[in-house]
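Hi,

Here is the structure we talked about. Please open it and keep it beside you as you read the notes below.

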Amino acid sequence: MDGLKQAWEEMTSDSKDLTQLSEAEIKGTTSVKSAGVIEKLRSGVKKKLAYAVFFTLAIGGGIPFAFPLASQILLTILFVAYLVGAVLLYQELQILNRGVDMTQDVLHGLTTYRDRIKRVLRYEESTALALYPVSISGGFFLGFQLVDREAQIMTETIHWVFLVITILLFTIGGHWLARWMNRKAFGQYLDRLDETIEELKGI
């Protein structure tokens with residue numbers, strides 16, 4: 001009887017060790033898979049920061065040469081917005097560069113990382129949506145002056161109608177394109193991160 005009891009305890013102990021080992025192996029494999037996904041996402045944010053810096057410099061350098069005054073004002077608004085966006089992206093990237101500590105709570109770390117990436121994308125899309133009318137108006141005024149510098153702009157109803165239609169079309173189209181590009185650049189990696197997080201929740 002004692003021998004049977006001892007055998008049962010040993011079998012139970014081995015089963016527990018096997019379960020613990022399986023969980024450790026799963027987490028280890030998850031960490032390796034997640035590392036590649038995280039690097040891809042971080043690389044995407046770096047590119048966004050590079051674009052933001054480029055457009056900040058380009059817009060800032062073009063302000064003194066823009067005409068009429070309305071275009072300068074609108075370009076200045078764009079410049080400030082891009083500058084603030086670049087600073088915020090840089091701050092977020094500094095946090096993302098720390099990565100996820102795979103020796104600690106992996107589930108919490110990956111969830112936080114995913115949420116930060118999604119927040120960056122939402123911020124970019126929302127800011128761009130608000131700035132489309134500004135940039136389109138600036139380009140509209142500038143385009144008029146490039147055709148005829150002495151022309152009187154916005155003096156006829158048709159000018160305003162054309163401006164409003166242009167703003168609506170380009171804002172809707174630009175917002176859809178931005179979301180599509182973000183989905184194409186980040187979507188597959190965010191989906192894989194979501195799958196990993198769900199796997200960890202099941203452990």
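Start with Leu190, which is found in helix 4. Keep in mind that this is a predicted model. Is Leu190 buried or exposed? Its relative accessibility is 7%. Buried means under 20%, so Leu190 counts as buried.

Now look at what Leu190 touches. Leaving out residues up to four places away in sequence, Leu190 is in contact with Leu41, Arg114, Ile117, Lys118 and Leu121. Then find Val37. Leu190 and Val37 are 153 residues apart in sequence. In space, their C-alpha atoms are 8.0 Å apart.

**The second largest pocket**

Helix 4 gives the largest share, with 6 residues. By class, the lining has 5 charged, 3 nonpolar and 2 polar residues.

**The largest pocket**

Next, move to the largest pocket. Its volume is about 1000 Å³. How many residues line it? The lining has 32 residues. Those nearest the centre of the pocket are Lys48, Tyr51, Glu124, Met181 and Asn182. The elements that give two or more residues to this lining are helix 1 (2-62), helix 2 (69-96), helix 3 (106-147) and helix 4 (157-201). By class, the lining has 21 nonpolar, 7 polar and 4 charged residues.

**Thr56**

Last, go to Thr56, which lies in helix 1. The relative accessible area of Thr56 is 6%. The limit for buried is under 20%, so Thr56 is buried. Where does its side chain reach? The side chain of Thr56 comes to 2.6 Å from the backbone oxygen of Ala52. Thr56 also touches Phe79, Tyr82, Leu83 and Ala86, again not counting residues up to four places away in sequence.

Best wishes

Terms used:
Residues numbered from 1 in each chain as written. Predicted model: local features only at pLDDT ≥ 70, side-chain atom pairs only at ≥ 80, totals over all residues. Heavy atoms only, no water. 1 Å grid on protein atoms, 1.4 Å probe; cavity = no way out; pocket = protein on both sides within 12 Å on 5 of 7 lines; lining within 4 Å. Points joined across faces, edges and corners; volume = space filled by probe spheres on them. Helix = DSSP H or I, 4+ residues; strand = E, 2+ residues; numbered from the N terminus. Nonpolar A, V, L, I, M, F, W, Y, C, P; charged D, E, K, R; others polar. Buried < 20%, exposed > 50% of the residue type's maximum accessible area, 1.4 Å probe, protein only. Contact = heavy atoms within 4.5 Å. Polar contact = N/O pair within 3.5 Å; in protein donor to acceptor, adjacent residues only side chain to side chain.
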